[in-house]
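Notebook open, model loaded. I'm jotting down what I look up as I go.

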Amino acid sequence: MNIQEERALRTKGYCHDRFGMFIHWGLYSIIAENEWIRNHKRITIEDYQKYFDTFNPTNYDPKKWAKLAKQAGMKYAVLTTKHHDGFCLFDSQYTDYKATNTPAGRDLVREYVDAFRAEGIKIGLYYSLLDWHHPDYPAYGDMHHPMRDNEDFKEQRGQHFERYVEYMHNQVRELMTNYGKIDIMWFDFHYGEMTGEKWEATKLVNMVRSINPDVIIDNRMGGDITSANPEIYSGDFGSPEQMIPVGGMTDVNGNPIPWETCITLNDHWCYNANDLNYKSSKNVINMLMECVSKGGNLLLNVGPDAKGNIPEMSVKVLEEVGEWMRLNGECVYGCGIADIKKHDFGRITKGEGALYLYVQDCCSEHIAIYDCPYKVIGARLLCDGRELSTNLPWNAHSYEIDGHSVIFVRTPPFAKLNGNGNVIKLIIEE
Ligand code: GLC
């Protein structure tokens, strides 16, 4: 098998799942602005120390998070075990800069893993390749380091970067070894010359897979996932953020490749107390359907606060998405590209023996799809299973159907059904 075939096999379940929860949580949640705050305000380790000394998430109950994710219809989750600030939510033997040494006093990753696994949700771990705490990570002159232009750090230019690489590999080994089967490893991110083998990426990937052979890895270590001959570390899926690629993702030969877009619920990854610019459940469902119709996944982010609570607004949106998913999830899981151009009423996805028309708003009495390459043998409304007529309306021939194959579906008054959009299932003969 070549790398692409292995990738396709490995990502089968992941592509089936389609919907996951991203969780950004760490010391920066106390500042409640941005996980890049040290970079933005050039905060020194010393000035940041007070957050370490007082990190005490007394409401941390990952069972609640896991229940919420499950209820929203999410099938996997990815938690920031270490973000760019270098603080570890897990009990690493290679650093003191970890949750066990804060007032939290315990391994928060372990509790996350146990809670999500108990709900049947697959386990993903985010791990930052950047590290603004480790003394061997280049500080002065680096593109992103908080001390990038601080003259006092002239001596810290990553002269002993190999020590950092060893540290990073050791920590990843801990994550791979100490928490049972890990489903997704989410590295973040490469830039400039900090890419690929600079991280000793081939060795890292081989180590990760030697412990968790089925783990799938994102594409942020470097390399080119779209290449005809991708590097071993170029990843199993593309990871656009805050955008949905216009045409999904393909390799250089035009073959679809797995991808997942990660998107925030408001405008920040970590908890931001002033950002109330939340997407609605309808926005989320729209984005999810857009991703699925283009062959991708949606990793939707929440930013729990310093005490460990997922903000109420996020909870509300996720609960509403969950209600919709319970009735309509069939058009998401295991579904993908339908090979029919997008219609005005909304996105179309394809599952086994079925097309799903996601109708965002109420519409006229009929929905029509043009140039459907499949033979349609029946139609149902997904939310209650009722049969819908596919007979041609009596006057259809007088209007714009010449030269097209058109399927008409007679729709019930949608407005009364579900404000977040309804799904028509077309049963097809393949
Ligand atoms: C970026 C940011 C980061 C965030 C991530 C999510 O790489 O550095 O803060 O965690 O994207 O995709």
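I started at a strand pair: glycine 336 has lysine 350 in β9 as its bridge partner. Strands here are DSSP runs of E of at least two residues, helices are runs of H or I of at least four, and both are numbered from the N terminus. β8 pairs with β9 (residues 348–351) in the antiparallel sense, over two bridges. I count two strands as paired if DSSP finds at least two bridges between them.

Before going on, a note on the source: this is a predicted model, where local features need pLDDT of at least 70, side-chain atom pairs count only at pLDDT 80 or more, and totals for chains, interfaces and linings use all residues. Residues are numbered from 1 along each chain as its sequence is written, and side-chain values use heavy atoms, with hydrogens and water left out.

**The sheet**

**Another pair**

I then checked β11 (residues 366–370), which pairs with β14 over five bridges, again in the antiparallel sense. Histidine 366 sits opposite arginine 410 in β14. Is β14 enclosed or open? Four of the five residues of β14 (residues 406–410) are buried, so this strand is largely enclosed by the rest of the structure. My cut-offs for relative accessible area are under 20% for buried, over 50% for exposed, and partly exposed in between (1.4 Å probe, protein chains only).

**The ligand**

Which residues are closest to the ligand? Out of 14 that surround it, they are His24, Glu35, Trp36, His84 and Glu241. To be near, a residue needs a heavy atom within 4 Å. I sorted the shell into seven nonpolar, three polar and four charged residues. Nonpolar means Ala, Val, Leu, Ile, Met, Phe, Trp, Tyr, Cys and Pro; charged means Asp, Glu, Lys and Arg; the others, Gly among them, are polar.

For distances, I noted a ligand oxygen 2.5 Å from a side-chain N or O atom of histidine 24. For histidine 83 the figure is 2.9 Å, and for aspartate 188 it is 3.0 Å. The protein covers 93% of the 310 Å² of accessible area that the ligand has on its own (Shrake-Rupley, 1.4 Å probe).

**One last residue**

I finished on glutamate 46, which is in helix α5 (residues 45–54). Glutamate 46 counts as exposed, at 60% relative accessibility.

Terms used. A polar contact is a pair of N or O atoms within 3.5 Å; within protein, one must be able to donate a hydrogen and the other to accept it, and residues adjacent in sequence count only if both atoms are side-chain atoms.
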